[in-house]
Amino acid sequence: MRQDRRSIYVHFSLIIACILLVSSIISGILLFFLLKLGLISTLFGYPLIRLIITLLSCTVVGTIIAAGFSKRILRPLNQVVEGTREIAGGNFDVQIESTKMNNDLEDLIQNFNLMARELKNVELVHKDFINDFSHEMKTPLVSINGFAKQLQKPDISEADRVRYLKIITEETERLSSLSSNILLLSKVENQESITLKRTPYSLDEQLRQALILLQKDWETKDLVINLTLQPVTVTADSDLLMQVWLNILGNAINFTDIGDTIEINCYTLGKEVKVTIKDTGAGMSDKVRRHIFNKFYQGDSSHQSQGNGLGLPIAKRIVTLHNGKIIVKSKISEGSTFIIILPQ
C-alpha cells in the first residue's frame, strides 16, 4: 500500500461522520420549522414527538445520503468483481475507470488495470511463441519430407542421393538443436535465482574451454582469436554460464567473415566481473539490436540456417538469474560487442 494514499477505512469513517452530521443538522432544521408552524409550541415540550421526529429524519436522511455514497463506492468494487470474471473467462481487455479518489480503492483499480495489461501482454507473447515455434518446426520437417520423397525415386543419381542425405542430416540436427534449446529455455525461465547450483570456479578457464568446444568452427573460418583473460574466480552455476559463452561466441563466429578477428576480454572491476566478446562482423542496426533478445528473432536472414533465434534469449535469462546484465553495442559494418557483467 502506498503511504501517500488515504486508507479506505478512514474514507468510510469520514463518510459515516458526514452522514451523522448532515442528519443532525436536517433534524434540527425540521424541528425548527415545526416550531415556526406551531405544530410544536416549545422545544422543551413533547419529548416523545421530538424523539420520533429526530429518529425518522435521521433515518430517512442518513439512508438517502448513504445510498448516494454507497453507489459511488460500491460501483468500482462491482466493476472489479465483474472484471475478474472477464479475466477468468480469457478477456484481458478489461479496464476499470479511475475513481479519482486518493485511497486504497483507487490503488486496487490501478493494480487491477496493470494486471489486466500484463496478462494481455503475456497472452500475446504466448501466442507469438506458439506461432514462431510452429514455423521453426514446420520448416525442417517439410524439408526432410521433401528430400526423403526424392530419395525414393529409382532413377536418382549417386551425387543427388548424397546431397539429399546431407540436407536431411542437417535439418535433423537443426530440429534436435531446436528441441534442446526449447527445453533449456523452459528450464531457465521457470528457474529462480535461489535454485542455481552455485560453486566457485575459474571463469577465465571456462572461456578457454568454450573456445576449445567451438574450435572446429573458428578454425574452419580461419578466424584470429585474441584473448586477454585475467584470472577471475566467480561463484555461479558453471553449466548454465557455459551456455552463455557458447551461444554468444557461436554467434560471433557465425557473423564474422573469414580471416577476421574476435576479441575476448575478462577482468574484474570493483565487485563485478566483466566479459567482453567483440567481433568484426557485419554489425547490427539499432532496430535489430533492440529485438535480438526476443525469442526466435533473427535479424540477418542470411544466417537463419545457422540458428533458431533462441541462443541470445537463453543467454540473457541465465545472466539475469545470476543478477547480471548484458549490454550490446553494434553498428553496421563495424561489428558487435557483447558486454556481460556479473557480480563476483
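Visitor: How far apart are the closest N and O atoms of E82 and R85?

Guide: Side chains of opposite charge can pair when their charged atoms come close. A salt bridge is counted where a side-chain nitrogen of Lys or Arg lies within 4 Å of a carboxyl oxygen of Asp or Glu. E82 and R85 form one, with their closest N and O atoms 3.1 Å apart. This is a predicted model, in which local features need pLDDT of at least 70 and side-chain atom pairs count only at pLDDT 80 or more, while totals for chains, interfaces and linings use all residues. Residues are numbered from 1 along each chain as its sequence is written, and side-chain values use heavy atoms, with hydrogens and water left out.

Visitor: Is R85 buried or exposed?

Guide: Buried means under 20% relative accessible area, exposed means over 50%, and partly exposed is in between (1.4 Å probe, protein chains only). R85 is exposed at 55%, and E82 is partly exposed at 39%.

Visitor: How many salt bridges are there by this rule?

Guide: The count is six. Among them, E158 and R161 meet at 2.4 Å, N to O. Both belong to helix α4 (residues 158-189) and sit three residues apart, about one turn. R161 is partly exposed, at 32%.

Visitor: Which residue does D286 meet in a salt bridge?

Guide: D286 pairs with R289 at 3.3 Å, N to O. The two are three residues apart in helix α8 (residues 286-291), about one helical turn. D286 is partly exposed at 45%, as is R289 at 28%.

Visitor: What is the reach of helix α7 from its first C-alpha to its last?

Guide: The expected span of a helix is 1.5 Å times one less than its number of residues. Helix α7 (residues 238-255) has 18 residues and reaches 26 Å, close to the 26 Å expected. Its buried residues include L240, W245, G250 and I253.

Visitor: Which residue places a side-chain oxygen at the start of α7?

Guide: D237 does: a side-chain oxygen of D237 comes within 3.3 Å of the backbone nitrogen of D239.

Terms used. Helices (H or I, at least four residues) and strands (E, at least two) are DSSP runs, numbered from the N terminus. A polar contact is a pair of N or O atoms within 3.5 Å; within protein, one must be able to donate a hydrogen and the other to accept it, and residues adjacent in sequence count only if both atoms are side-chain atoms.
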